[in-house]
Amino acid sequence: MSHVEVEHVTKRFDDVVAVDDVSFTAAEGEFVSLLGPSGCGKTTTLRMIAGLEMPTEGTIRIGGEDVTDQPAYEREIGMVFQHYALFPHKTVGENVGFPLKMRGVPAERRRERVAEVLDRVRLPDVMDRSPEELSGGQQQRVALARALVFEPDVLLMDEPLSALDRVLREQMRVEVQRIQREFDITTIYVTHDQAEAFAMSDRVAVLDDGHLSQQGRPLDVYENPTSEFVASFIGESTKLSGPVVDREGRRVLETDAGVTLTLPEPVPPAGDRLTVYLRAEKLSLSAEPTGAANEFPATMTTTNYLGEKTQFFCTLEDGTELVVAEQGFTALDRYDQGDTVYVTIPPSDLVVAHADVAAEQPAVDESVV
Ligand SMILES: Nc1ncnc2c1ncn2[C@@H]1O[C@H](COP(=O)(O)OP(=O)(O)OP(=O)(O)O)[C@@H](O)[C@H]1O
Ligand SMILES: [Mg+2]
């Protein structure tokens, strides 16, 4: 059963439509991420679930109950924000115990409960310290403990890790996920970081300019984007478009970049214009032609060693930039600038943009030109 239901919710601020007819659900104990670029309406959606913002239209239900008109303090919701929002002049214990104090829990019981929750977020022995003496990651654990201490029904988090440095952020992903599982609490998590959403969530809902673009399990959204926005926003890829044509008894995509590609089944009818995305990690490189399907030449421009992967930037005949990613360390001197390389992608690894969305594309491009 759905625990949190957001149904046809719209939020307007004067003439800005921040959230436009968005619907999604989170099941009991599920971890759902709202993923999308800056300004797409993630925070506004979360604030409406919390009751900090009222929808212009639509319904929000928690545990089957319509809470659309209920004020925030009547909803049992824990919230964690990007900036820890801890009270600097209170101790860690007072910070974490604050929601209990507001609910009239006696001091002794409060202290016990605070110690217990701090223990569960792996922060024992900091109860009497000031939050300012703690590291960013520790402060975020305190914020999480404060959000969970009163056993809320739902946990909402708005970019809670974005103020941390990369290494800590990746450690905290695992930690937040562990805590969420342990508390078994329905969680809605806002982020613009795709890797974060994919690593942590049971399901992701991708927002684009106030609209819900796609929702599903991370793998499904990654492998089968249903809109051009999701296909380009998720992952690192090169976009190629062109007409589908019949050539020598085969139906292929003749891209405007001069590369001819065999398409995965079902192949669309000849005459259609189609857009495909070539995921960087699905492409392979070789110095000589290998004769594989979907092989085409490119010119090497730069090699970028990033530690966990190596990026190769190449250009196609018409100047289109193409990026290829290989896991781990690859010899940097393998290719020189200006070398001709051969790129391949198996037809089944091509991400085909949703046909009707792709068809609208030329009109958009013309209006820009
Ligand atoms: N109180 C407000 N008054 C007017 N416009 C607002 C208000 N809050 C948000 N907006 C607008 O609504 C849109 C969505 O904003 P929102 O903060 O929900 O985006 P977001 O996805 O959280 O972005 P970010 O990743 O930058 O935090 C933006 O265009 C924003 O300017
Ligand atoms: Mg935001």
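**A close look at one helix and its surroundings**

Reply: Asp184 is exposed, as its relative accessible area is 55%. The model is a predicted one. Asp184 lies in the loop between H5 and strand S8 (186-191), and has a positive phi of about 50 degrees although it is not a glycine. Most residues other than glycine have a negative phi.

The loop between S7 and H5 holds Glu159. Glu159, not a glycine either, has a positive phi of about 45 degrees. Glu159 counts as buried because its relative accessibility is 11%, and the cut-off for buried is under 20%.

Helix H5 (residues 166-183) packs with helix H4 (residues 136-148) at an angle of about 20 degrees, their axes being 11 Å apart. H4 is therefore roughly parallel to H5, and their crossing is right-handed. On the H4 side, Gly137, Gln140, Arg141, Leu144 and Leu148 take part; they meet Leu168, Met172, Glu175, Val176, Ile179 and Phe183 in H5. By class, this contact comprises seven nonpolar, two polar and two charged residues. An α-helix has 3.6 residues a turn, so residues three or four places apart point the same way.

H4 itself has 13 residues and spans 18 Å from its first C-alpha to its last, close to the 18 Å expected at 1.5 Å a residue. H4 is mostly covered, with 11 of its 13 residues buried; among them are Val142, Ala143 and Ala145. The cover over these buried residues includes strand S6 (77-80), helix H2 (92-102), helix H3 (107-120), strand S7 (154-158) and H5.

How values were computed
Residues numbered from 1 in each chain as written. Chains lettered and ligands numbered in written order. Predicted model: local features only at pLDDT ≥ 70, side-chain atom pairs only at ≥ 80, totals over all residues. Heavy atoms only, no water. Axes fitted to C-alpha atoms, helices over the stretch in contact; angles between N-to-C directions. Helix = DSSP H or I, 4+ residues; strand = E, 2+ residues; numbered from the N terminus. Parallel < 35°, antiparallel > 145°, perpendicular 65-115°, else oblique. Left-handed = near helix turned anticlockwise from the far one by under 90°. Contact = heavy atoms within 4.5 Å. Nonpolar A, V, L, I, M, F, W, Y, C, P; charged D, E, K, R; others polar. Expected span 1.5 Å × (residues − 1). Buried < 20%, exposed > 50% of the residue type's maximum accessible area, 1.4 Å probe, protein only.
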